[in-house]
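The exercises below are meant for a reader who is meeting this structure for the first time. Work through each task with the sequence and the model in view before turning to its solution.

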Amino acid sequence: MAWSDWIRDGVEVEPSLYAADFRRLGEQIDALLGAGCRVFHFDCGDGHFVPPVTMGPVVLRSIAPGIHAAGGVLDCHLMVDDPVHHFEEFAASGADSVTFHVEVTADPAAVAANARGHGLGVGVVFNPETTPARAAEAATAAGADIVLCMSIHPGYSGQAFMPEAPGRIAELATLVDVPIQVDGGVGEDNAGALREAGASLFIAGSSIFGAGEPAEAYRRLRAAVV
Ligand code: DX5
Ligand code: ZN
């Protein structure tokens with residue numbers, strides 16, 4: 001199974017579990033599965049590439065079996081200095097794909113080959129300071145399955161969407177022919193513009209988990225982009 005099998009109707013909304021209520025994590029995942037969600041976004045921050053330490057394999061191991069049993073997958077965003085160091089443990093803990101930052105990757109082809117050697121899908125992600133051209137070059141070298149355009153500075157959920165993101169996505173769309181993902185401040189208010197710009201994978205943290213009913217927020221956001 002690969003990204004091309006995971007994306008339904010050309011579009012996915014991916015709840016970013018970093019924004020979940022961790023006391024009720026399993027319950028919230030089950031509600032989202034019940035609402036039809038199958039691709040979950042999982043953020044790992046190392047406290048160095050981004051300021052916070054977020055979550056890692058120990059959490060992945062708890063949630064992956066239930067998600068996989070329901071036919072779902074875990075898309076892991078590694079906000080870390082040394083992604084390769086983590087691939088083996090992520091794969092063993094239930095990750096299905098890993099996305100690494102171009103800002104810390106001198107040899108994207110080698111990093112991607114390492115991930116694929118562990119049976120993982122491959123994404124390449126770039127920060128607001130990085131040009132779409134540089135991201136596209138890395139994604140092509142890596143043979144990436146997806147490219148993620150950050151619409152915030154990575155690190156925390158709940159930040160304001162950066163209005164330059166749709167333009168950056170539109171530029172990226174002229175340079176790559178793999179699905180474009182967007183992460184940061186995504187919600188019903190900007191999803192249409194992002195879709196129009198060329199994004200097809202919508203990561204949403206606070207707009208889903210900050211809502212009273214995450215499953216309902218998920219359904220609404222999916223309906224806004226399908
Ligand atoms: C932050 C993470 C995001 C975050 C998104 O660096 O990469 O996935 O959880 O949260 P929102 O949607 O609230 O910006
Ligand atoms: Zn993320």
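**Exercise 1.** What is the volume of the largest pocket?

*Solution.* The model is a predicted one, and in it the volume of the largest pocket comes to about 170 Å³. As a next step, turn to the lining, which is made up of 21 residues, and note that I152, Y156, S157, D183 and G184 are the ones closest to the centre of the pocket. Sorted by class, this lining consists of 9 nonpolar, 10 polar and 2 charged residues. Finally, look for the elements behind it: β3, β8 and α9 (206-209) each contribute at least two residues to the lining.

**Exercise 2.** Where does ligand 1 sit, and which strands each supply at least two residues of the shell around it?

*Solution.* Then trace the shell around ligand 1, to which β2 (39-45), β3 (73-79) and β8 (199-204) each give at least two residues.

**Exercise 3.** Which of the 20 residues around ligand 1 come nearest, and how much of the ligand's accessible area does the protein cover?

*Solution.* First, pick out S16, G155, S157, G205 and S206, which come nearest among the 20 residues around ligand 1. Second, examine the polar contacts, for which a pair of N or O atoms must lie within 3.5 Å. A polar backbone atom of G155 is 2.6 Å from an oxygen atom of ligand 1, an N or O atom in the side chain of S157 is 2.6 Å from an oxygen atom of the ligand, and for a polar backbone atom of G205 the distance to a ligand oxygen is 2.7 Å. Third, consider the cover: on its own, ligand 1 has 380 Å² of accessible area, and the protein covers 100% of this.

Definitions and conventions: Residues are numbered from 1 along each chain as its sequence is written. Chains are lettered from A and ligands numbered from 1 in the order in which they are written. This is a predicted model: local features need pLDDT of at least 70, side-chain atom pairs count only at pLDDT 80 or more; totals for chains, interfaces and linings use all residues. Side-chain values use heavy atoms; hydrogens and water are left out. A residue is near a molecule or strand if one of its heavy atoms lies within 4 Å of it. A polar contact is a pair of N or O atoms within 3.5 Å; within protein, one must be able to donate a hydrogen and the other to accept it, and residues adjacent in sequence count only if both atoms are side-chain atoms. Accessible areas come from the Shrake-Rupley method with a 1.4 Å probe; for residues, only the protein chains shown count as cover. Helices (H or I, at least four residues) and strands (E, at least two) are DSSP runs, numbered from the N terminus. On a 1 Å grid over the protein atoms alone, a cavity is a set of points where a 1.4 Å probe fits but cannot get out, and a pocket is an open set with protein on both sides within 12 Å along at least five of seven lines; lining residues have an atom within 4 Å of a point. Grid points are joined across faces, edges and corners, and a volume is the space filled by probe spheres set on the points. Ala, Val, Leu, Ile, Met, Phe, Trp, Tyr, Cys and Pro count as nonpolar, Asp, Glu, Lys and Arg as charged, and the others, Gly among them, as polar.
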